[in-house]
Amino acid sequence: MQMREAAAIATEASLLDIRNLQIRLRRTRGAGLSVLDGVSLTVERGETIGIVGESGCGKSVLSLSILGLLPSAMRIGGGEIWYEGRHPLHTMTDRDIRAFRGKEIAMIFQDPMSSLNHGLTIGYQITETLRLHLGYSRKEARERAVWLLRKVGLPRPESLLREYPHQLSGGMRQRVMIAIAVSCNPGLLIADEPTTALDVTIQAQILDLMRQIREEDGTSILLISHDFGIIADMCDRVLVMYAGQIVESGTVDDLFERPLHPYTAGLLRSIPTPAKKNSPLYSIEGHVPALHERGAGCRFASRCAHATERCRTEQPELVAYRGGHAARCFLAEAEGGNRHAAV
Amino acid sequence: MKRMKSYSLVLGASFVSVLFVVMLISLVYTPHPPNEMNIRERLQAPSVRHWLGTDNFGRDILSRVMVGSQTAFEVGAVSVAIGLLGGFLVGTLAGYMGKWVDELLMRATDALLAFPGILLALLLVSISKPSLFQTMLAIGILSIPSFARVIRSGVLQHKEADYVKAARGLGAGHANLIFVQIAPNIASSVVTTAALSFSTAVLIEAALSYLGLGVQPPDPSWGRMLNEAQSYLAKAPWFTLAPGLLITLTVLGFNLLGDGIRDLRDKKS
């Protein structure tokens, strides 16, 4: 960990720097419909960044684009993705970027049931990554695999290596996935809804495990979730995404205490709490606009209670206020970021 | 585990294993030398000395059908291997690459499938001198389309699976994705196709040999024996019966085995 810090000071570059990223659909007339619009974010070493938003906001597309794993229908239409300030991931060929996948940047997927190959042993699936990226011998890889399984809190690692995924429970499988993901000591761990498919007690254990890995290895985490509770629990900074844009970003405290964007406020209000018992659950009316429904104005305007004429015709910019707390909203602009958004 | 009520699997497996054992025995022992002629004992009915009788040259029919099973298994195995190899190449290329590669390869496959199998085999064999190898090659090429289709659909199905995406996310290359991640998962459907192709191969080999274009003398073949026997149908019916029955049993056995394996797989999923 000290080494990573030293390296950070030496290079002064962010671990991951995404600048003005545009993701477009292929084979559409004109410029093509855009899936992501001008997304910028940085991840520093050892930092945990959360991305929240409803389904269809582009959270997963963002995470897939980092490793060049976009579905074939999408392409990067503009912008840059820099790793450690010197590796331009956005221009790399599939062959070049492969060296980063799993080694420098690893992903944990949502569903541990289907993300492990049911035809291969746990041992094989852990060791193949080690042998591929670190050139370990069979024996070295096996020893490291046992160590990794123990590290992620799995019992009897030696015999586990010979077992198949169907012999394990969901929580155990997610632990295996995490063991595989951290096997090469990646600098960045992208976790796309890592606990959504698990039940609540297991969820907490998996989050604890990720926290432990962050502390022990100094790994940065990009955590994608629609669960504000998990984000608040884990992250230093949060990005709120809506319809392919970042609509608000800031520290966890800022965002929770003083949301600037009505969408963030609406998301926060729709979290069920014991205090809200007996009153109907709040939800934001309407739905995320589809790609072709995105108009000229603020993309949230159609669902926003405070939308003005200007909101419907003009696109607000992401403006930064005190303490780096930024929001894409005319209302916040008018208030100078001083008053938090009501719903 | 619950008892599997798969009669076709049990029946098919027993037919095939009995035939296989007979073939193995014939490698080291036959009751009489299969090519030893004995004019005095020609066209004899089954007896203690000759269990299945003798043919028009007085050769022991049991010994000859036993040795003939070697040819059947050899043709089956080699042509299935050729078909599997070709089919794997075509199927994975088409399924994995997609787009125009897929279109091109699958239409070529369709064209091959549209041709009557025996006709194509005849064509391939008659282009050059008929021999055992020619026969196996022709039958192998014929079985490429069925393998290619099964493998292509398997690749298509598994290519988009989460664990393949996860493996890509970990930096796995194309070869790893195809051979390690995808291939084992489609193996079971390929085994079914292999069993069915095996029976087709035995049948086509018999047909070609019957027509005189397959296995050439002195290699014994069930199809050739049928051909030789048909002139003596009235005089020595047992002569046709032995190779005919063996062809039927082999084809039936492998078909049942293939069906049984498919049922087993369907039950599991």
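Predicted model: local features only at pLDDT ≥ 70, side-chain atom pairs only at ≥ 80, totals over all residues.
**Stop 1**

Select the strands of chain A. Four of them form an open sheet, and the order across it is E2-E1-E4-E5. The pairing is antiparallel. Now colour E2(A), residues 34-43, and E5(A), residues 87-88. These two strands stand at the edges. Each has a single partner strand, so one side of each is left without a neighbour in the sheet.

Zoom in on E5(A) and its partner E4(A), residues 74-83. Two bridges join this antiparallel pair. Which residue of E5(A) stands opposite Tyr83(A)? Show side chains there: the residue is His87(A).

**Stop 2: the helix across the sheet**

**Stop 3: where the chains meet**

Show both chains. Twelve residues of chain B are in contact with 20 residues of chain A. On the chain B side, two elements give two or more residues: H6(B), 162-169, and H7(B), 174-210. Which of them gives the largest share? Select H6(B), which supplies five residues. By class, this side of chain B has five nonpolar, five polar and two charged residues.

**Stop 4: H3 against H5 in chain B**

Select H3(B), residues 99-114, and H5(B), residues 132-159. The two helices pack at about 135°, and their axes are 9 Å apart. That angle makes H3(B) oblique to H5(B). Their crossing is left-handed.

Now pick out the contact residues:

- From H3(B), take Thr109(B), Leu112(B) and Leu113(B).
- From H5(B), take Ile144(B), Pro145(B), Ala148(B) and Arg149(B).

Five residues of this contact are nonpolar, one is polar and one is charged.

**Stop 5: H4 against H7 in chain B**

Move on to H4(B), residues 117-127, and keep H7(B) in view. Here the angle is about 55°, with the axes 11 Å apart. H4(B) is therefore oblique to H7(B). Is the crossing left-handed or right-handed? H4(B) passes H7(B) in a right-handed crossing.

Select Gly117(B), Ile118(B), Ala121(B) and Val125(B) in H4(B). They meet Ile204(B), Ala207(B) and Leu208(B) in H7(B). This contact has six nonpolar residues, one polar and no charged ones.

Methods:
Residues numbered from 1 in each chain as written. Chains lettered and ligands numbered in written order. Pairing = 2+ DSSP bridges. Helix = DSSP H or I, 4+ residues; strand = E, 2+ residues; numbered from the N terminus. Contact = placed C-beta atoms within 7 Å. Nonpolar A, V, L, I, M, F, W, Y, C, P; charged D, E, K, R; others polar. Axes fitted to C-alpha atoms, helices over the stretch in contact; angles between N-to-C directions. Parallel < 35°, antiparallel > 145°, perpendicular 65-115°, else oblique. Left-handed = near helix turned anticlockwise from the far one by under 90°.
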